Amino acid sequence: MSIEHPSSTQMEQKLAGYWGELLGLQEIGRGDHFISLGGNSLLATMLANRIEDELGIRPTMGELFNTLGDVATLCEQLVREQAEAGR
């Protein structure tokens, strides 16, 4: 785990919580990869469903298989795009 790089943004913290619940981990760093921490396609599907339920966006399965920081950046972008489309 990337203890030297803890999750820092609000989105990273939120996603780290989701990852932690699904993977049974307490410490998730922004450089950690979902698969490297024990994630698989079933857990990624559950993660995608949770993100959609909580945030109203749906990243692809491939997008979830990145670092926490990358997934958080993508989710922030998707939330912004959704907000702009709703104006």
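A crossing of two helices is called left-handed if the near helix is turned anticlockwise from the far one by less than a right angle, and right-handed if clockwise. By that rule, α1 passes α4 in a right-handed crossing, and the crossing of α1 and α2 is right-handed. Welcome to a predicted model, in which local features need pLDDT of at least 70, side-chain atom pairs count only at pLDDT 80 or more, and totals for chains, interfaces and linings use all residues. Residues are numbered from 1 along each chain as its sequence is written, and side-chain values use heavy atoms, leaving out hydrogens and water.

**α1 with α4**
- Their axes (lines fitted to C-alpha atoms, for helices over the stretch in contact; angles run from 0 to 180 degrees between N-to-C directions) come within 9 Å and cross at roughly 120°.
- This contact (heavy atoms within 4.5 Å) brings Met11, Glu12, Leu15, Ala16 and Trp19 of α1 to residues of α4 including Cys75 and Val79.

**α1 with α2**
- α1 and α2 pack at an angle of about 140°, their axes 10 Å apart.
- That makes α1 oblique to α2 (under 35 degrees is roughly parallel, over 145 roughly antiparallel, 65 to 115 roughly perpendicular, and the rest oblique).

- Leu47 touches Tyr18, Trp19, Leu22, Phe34 and Leu64, not counting residues up to four places away in sequence.

Note on methods:
Helices (H or I, at least four residues) and strands (E, at least two) are DSSP runs, numbered from the N terminus.
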